[in-house]
Amino acid sequence: MSKKEKYRGKDFIRQMIHHDIDSGINDGRLATRFPPEPNGYLHIGHALSICINFGIAKEFDAPCYLRFDDTNPAKESEEYVNSIMEDVKWLGFDWGNNLAHASDYFGSIHELALELIEKDLAYVDSQTSEELKNTRGTLNTPGTKSPYRDRSIAENLGLFERMKNGEFENGEHVLRAKIDMSSPNINLRDPIIYRILHMDHQKTGEEWCIYPMYDFAHTLSDALEGTTHSLCTLEFEDHRPLYEWFLDNLSLPTKPRQIEFSRLNVEHTITSKRKLAELIDSGHVEGWDDPRMPTISGLRKRGYPASAIREFCRRVGITKKDKSIEMSLLESTVREQLDASCNRAMAILKPLKITIKNYPEGETEILEAKNHPKNEEMGSRELPFSQNILIEKDDFMENPDKDFFRLSPGSEVRLRYAYIIKCEEVIKNENDEIVELICSYDPDTKSGSGTSTKKVKSAIHWVSENHSIGGKVNLFETLYTDQNPKSDSPLNPDSIIELDQPAYEQSLSKAKIGSRFQFERNGYFIVDQIEGDELIFNRIVTLKDTWAKIQKKKK
RNA sequence: UGGGGUGUAGCCAAGCGGUAAGGCAACGGGUUUUGAUCCCGUGAUGCGUAGGUUCGAAUCCUACCACCCCAGCCA
């Protein structure tokens with residue numbers, strides 16, 4: 001196979017990796033890593049990174065490290081590391097023995113800082129943070145050298161040792177790489193690589209009071225653990241020269257290559273950890289795993305299958321172009337996975353009572369319904385039928401449009417898996433609201449009997465009132481109505497709608513927390529909680545709704 | 001006005017000098033006891049713009065334009 005054929009259709013990262021392996025770089029070895037900072041929960045954007053890093057490693061039967069970038073104890077906690085591990089596992093990936101923390105390498109990273117000092121490539125700066133800021137220059141103007149830049153190696157070594165020993169306050173000194181204060185790339189203007197932080201670390205406790213900065217710790221962690229391809233998002237692109245500077249100037253076992261790809265944005269969602277935390281703190285959502293959150297735990301509670309998220313990430317692709325993905329792509333992926341795997345059931349979300357006047361009072365008949373219209377292996381279930389049934393309010397229209405083909409006065413409709421009924425009378429209350437329908441049924445039209453010659457325009461779902469069970473249903477919309485929300489965008493007041501009068505078919509009493517169903521004609525739902533005999537369902541996603549589309553167009 | 005990136009359909013995305021894949025969306029139509037699923041069909045004489053090289057350019061060259069990222073002791 002020619003190279004051209006081998007690379008065709010693959011994203012640019014896979015092409016580069018194939019090329020590097022074929023060229024024998026790093027002995028033709030591959031290792032990737034996913035390096036989250038444990039300062040929040042993972043979100044859909046991280047899912048893409050996880051799928052890329054773990055996914056590619058898997059394809060090559062290579063290791064992918066789960067490495068916590070825990071270099072800032074001020075923001076990090078064990079709660080977050082646990083949630084991250086849970087989320088990665090749930091997404092279907094396995095780091096095996098390759099669990100790591102940047103803090104595991106603190107000793108080596110410190111030694112490498114000493115090496116830099118000894119090579120006169122790093123110095124202790126004693127300027128204040130204000131002075132540091134003022135001498136960094138701007139985007140258009142070069143920075144100026146620190147008055148402490150020419151300290152002797154011995155003095156730097158001594159000062160750095162005292163920093164480490166806790167002899168100074170936070171902010172009194174920093175260790176800086178000695179690169180180029182006039183570089184047009186700000187990252188190269190003598191970046192800080194160590195700062196003093198008198199704070200216990202969730203992993204190393206009181207051991208350190210100096211902590212390495214991201215660029216230094218991240219680069220060295222990659223190199224120390226043998227990562228060959230460090231795949232990250234675009235905003236780190238101008239850090240790459242610094243990444244390479246560290247690799248070129250230090251004695252490291254391997255030389256990893258950093259490759260950047262564009263981050264995933266999904267319309268109507270925000271993925272800034274700061275902003276997500278704010279939504280929680282302000283009480284707008286119930287927590288990191290609120291079903292409206294774009295976090296992995298939120299999507300999980302919402303009922304999205306991990307396979308759908310993986311497939312979504314695959315469809316989205318890997319490029320360097322800024323992307324803003326429409327919700328419809330995510331939703332169609334979720335529907336596709338759920339359509340194949342979910343048992344069908346009938347549930348009425350907004351009930352309207354029907355009395356079938358010619359059906360014998362007190363009689364109950366058992367009907368059979370398929371659990372999946374296309375998959376016989378998924379079996380069937382029993383449906384009790386009786387004189388009093390409930391249908392969906394939206395399935396009745398007193399003054400129907402001509403393209404409404406559900407129930408209306410005098411019209412006929414099939415009750416799915418049961419009989420054809422005809423609406424004979426509409427009963428209203430004193431507020432002129434429809435409270436009940438009196439219908440008749442045609443006994444010759446029983447489903448599956450083959451005796452019916454009647455054709456009706458549609459079949460609607462129903463449940464037998466006296467055999468139904470109750471609970472609650474949560475319907476969700478996006479947290480933001482803006483297509484590309486900013487941090488000050490208004491929240492969607494309808495992001496959650498709670499329905500407290502649903503009626504579920506009897507067979508659902510056997511459902512367990514976490515089981516998913518397609519409620520026919522209503523969408524996909526997951527059992528969120530069970531309270532006594534009440535079931536609380538979350539709607540995962542609606543079905544495609546052509547009728548809703550027609551109505552929308554009319555308006 | 002410095003540096004680093006990116007521009008192919010409404011949203012993604014293939015393409016790698018030989019005449020614009022695919023998915024989502026949209027729009028038609030068929031099947032259907034879910035207005036679901038499924039099936040069929042429809043979209044770029046055009047690849048940010050303008051020049052150039054070439055028998056031939058989305059692919060190479062030049063210039064321009066638009067958008068994104070960078071001035072934390074955050075990652």
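A residue is near a molecule or strand if one of its heavy atoms lies within 4 Å of it. Helices (H or I, at least four residues) and strands (E, at least two) are DSSP runs, numbered from the N terminus. This is a predicted model, where local features need pLDDT of at least 70, side-chain atom pairs count only at pLDDT 80 or more, and totals for chains, interfaces and linings use all residues. Residues are numbered from 1 along each chain as its sequence is written, chains are lettered from A and ligands numbered from 1 in the order in which they are written, and side-chain values use heavy atoms, with hydrogens and water left out.

**Exercise 1. Work out which element gives the largest share of the surface near RNA strand B.**

Step 1: start with the whole surface, where 66 residues surround RNA strand B, the closest including Thr319 and Arg406.

Step 2: pick out the elements that each supply at least two residues, among them α6 (129–135), α12 (306–316) and α14 (546–554).

Step 3: α14 takes the largest share, with five residues.

Step 4: sort the surface by type, and you get 20 nonpolar, 19 polar and 27 charged residues. Here Ala, Val, Leu, Ile, Met, Phe, Trp, Tyr, Cys and Pro count as nonpolar, Asp, Glu, Lys and Arg as charged, and the others, Gly among them, as polar.

**Exercise 2. Find which parts of RNA strand B lie within 4 Å of the protein.**

Step 1: of the RNA atoms in that range, 64% belong to sugar or phosphate, and the rest to bases.

Step 2: now look at the bases. A backbone N or O atom of glycine 171 sits 2.8 Å from a base nitrogen, and one of aspartate 403 sits 2.9 Å from a base nitrogen.

**Exercise 3. Describe helix α2 (residues 12–22) and its buried residues.**

Step 1: Ile13, Arg14, Ile17, His18 and Asp20 are buried, meaning under 20% relative accessible area (1.4 Å probe, protein chains only).

Step 2: seen down the axis of α2, these buried residues fall within an arc of 165°, so they line one face of the helix. The arc is that of the directions from the helix axis to the C-beta atoms.

Step 3: check the ends. Aspartate 11 caps the N-terminal end, with a side-chain oxygen 3.0 Å from the backbone nitrogen of isoleucine 13. Just after α2, glycine 24 takes a positive phi of about 75°.

Key: A polar contact is a pair of N or O atoms within 3.5 Å; within protein, one must be able to donate a hydrogen and the other to accept it, and residues adjacent in sequence count only if both atoms are side-chain atoms. Buried means under 20% relative accessible area, exposed over 50%, partly exposed in between (1.4 Å probe, protein chains only).
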